[in-house]
Amino acid sequence: MTRRLSVKAARAVADAAELVKAPDWPDTRNWHAVSGGQVLVVIEPSYGGTSRTGRNGWNWRLADGARTRHQPEPTREKAAVAGLGAWMRWVTSKP
């Protein structure tokens, strides 16, 4: 989404977002935070931990933006919340 929204409109979009498996989930294990048919945030497994699978949490990135540096979140739900918060700050910021 390239247009800027009011805080009220952005909150409505974020509140309506759902966490769904990405179309390429069998290959990537990524999830998407989707609202109104639009992908807002991509949530992906973070590797580099010491668990049996090698995962150490979940990373998020804006679907329309570049990767940001942040610590992995412990669950994909928390990663979605953090990503949607960043999406709201991005979409409501002044150009």
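**View 1. Aromatic ring pairs in the predicted model.** In this predicted model, the count of aromatic pairs comes to zero under the rule applied here.

**View 2. Charged side chains over tryptophan rings.** Lysine 21 places its charged end over the ring of tryptophan 25, at 3.9 Å from the ring centre. Arginine 4, in turn, lies over the face of tryptophan 90, and here the distance from the ring centre is 5.1 Å.

**View 3. The largest nonpolar core.** This core comprises 18 residues, and those with the most contacts inside it are Ala10, Val41, Ile43, Trp60, Leu62 and Trp87. Two or more residues are contributed by each of helix H1 (7-15), strand E2 (31-35), strand E3 (38-47), strand E4 (55-62) and helix H3 (76-92), with the largest share, seven residues, coming from H3. In soluble globular proteins, nonpolar side chains tend to be buried together.

**View 4. Surroundings of alanine 10.** Alanine 10, one of the core residues with the most contacts inside the core, is in contact with Leu5, Trp87, Met88, Val91 and Thr92 when its neighbours within four places in sequence are left aside.

**View 5. Backbone at arginine 29.** Arginine 29 is found in the loop between helix H2 (25-28) and E2, and, although it is not a glycine, arginine 29 has a positive phi of about 65°. Arginine 29 counts as partly exposed because its relative accessibility is 32%, a value that falls between the limits of 20% for buried and 50% for exposed.

Methods: Residues are numbered from 1 along each chain as its sequence is written. This is a predicted model: local features need pLDDT of at least 70, side-chain atom pairs count only at pLDDT 80 or more; totals for chains, interfaces and linings use all residues. Side-chain values use heavy atoms; hydrogens and water are left out. A nonpolar core is a set of buried Ala, Val, Leu, Ile, Met, Phe, Trp, Tyr and Cys residues joined through side-chain atoms within 4.5 Å. Buried means under 20% relative accessible area, exposed over 50%, partly exposed in between (1.4 Å probe, protein chains only). Helices (H or I, at least four residues) and strands (E, at least two) are DSSP runs, numbered from the N terminus. Contact means heavy atoms within 4.5 Å. Rings of Phe, Tyr and Trp (its six-membered ring) pair if their centres lie within 6.5 Å; planes under 30 degrees apart count as stacked, over 60 as edge-to-face and the rest as tilted. A charge sits over a ring if NZ of Lys or CZ of Arg is within 6 Å of the ring centre and within 35 degrees of the ring normal.
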